[in-house]
Amino acid sequence: SFRSFKNIEYPVPGVDTAIAVLRPGARYDLSCQGGIHFNEWQDDEGREPPTSEEIGQELIREKEIYDYYEYERNREKEYPELKDQLDMLYHDIKSGNITNGSWIQAIDSIKEKYPKPD
């Protein structure tokens, strides 16, 4: 499967995701007991199934990407609910304290706790 973040779609590491990246549109049935074995393989473009080595390399690539976006997943868990954020903004606007109000402080504290990697 894939996650979306700011119009960027990135893979959630897994054999199915790796195959979808390596051979988009292919249909298959596989077993992973004692290695990856394709029981069925259908590809309208006539491509062969990916090798275990190709899948392994793709999984490494996917893990690196997934690890990079860990900050995004952590932030998502800790951001206040949208209705609570809107309430904070409302009160900040009403009090004229937009630049350092409760909403800015709440969001900044989470962004500082989980900084975006370089």
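The legends below describe close-up views of a predicted model. Residues are numbered from 1 along each chain as its sequence is written, and side-chain values use heavy atoms, with hydrogens and water left out. Because the model is predicted, local features need pLDDT of at least 70 and side-chain atom pairs count only at pLDDT 80 or more, while totals for chains, interfaces and linings use all residues.

View 1. Helices (H or I, at least four residues) and strands (E, at least two) are DSSP runs, numbered from the N terminus. Strands β1 and β2 pair in the antiparallel sense over 4 bridges, where pairing requires that DSSP finds at least two bridges between two strands. R3 stands opposite Y10 in β2, and the hairpin has 2 residues between its strands, with K6 in the turn taking a positive phi of about 50°.

**View 2. The hairpin of β3 and β4.** Here the two strands pair in the antiparallel sense over 5 bridges, and R27 is found opposite Q42 in β4. There are 5 residues between the strands of this hairpin, and G34 has a positive phi near 70°.

**View 3. Helix α1 and its cover.** Within helix α1 (residues 15-22), T17, A18 and I19 are buried, buried meaning under 20% relative accessible area, exposed over 50% and partly exposed in between (1.4 Å probe, protein chains only). The buried residues of α1 are covered by elements including β1 (2-5), β2 (8-11), β3 (27-31), β4 (37-42) and α2.

**View 4. The largest nonpolar core.** This core has 6 residues, namely F5, Y10, Y69, Y71, I110 and Y114; a nonpolar core is a set of buried Ala, Val, Leu, Ile, Met, Phe, Trp, Tyr and Cys residues joined through side-chain atoms within 4.5 Å. Leaving aside its neighbours within four places in sequence, F5 is in contact (heavy atoms within 4.5 Å) with Y10, Y69, Y71 and E72.

**View 5. Helix α2 against helix α3.** The axes of α2 (residues 52-68) and α3 (residues 70-78) lie 4 Å apart, and the helices pack at an angle of about 45°. Axes are lines fitted to C-alpha atoms, for helices over the stretch in contact, and angles run from 0 to 180 degrees between N-to-C directions. The angle makes α2 oblique to α3, given that angles under 35 degrees count as roughly parallel, over 145 as roughly antiparallel, 65 to 115 as roughly perpendicular and the rest as oblique. Y66, D67 and Y68 of α2 make the contact with E70, Y71 and R73 of α3.

**View 6. Helix α4 against helix α5.** The axes of α4 (residues 82-95) and α5 (residues 102-113) cross at roughly 135° and come within 7 Å, and the two helices are therefore oblique to each other. On the α4 side Q85, M88, L89 and D92 take part, meeting S102, W103, I104, A106 and I107 in α5.
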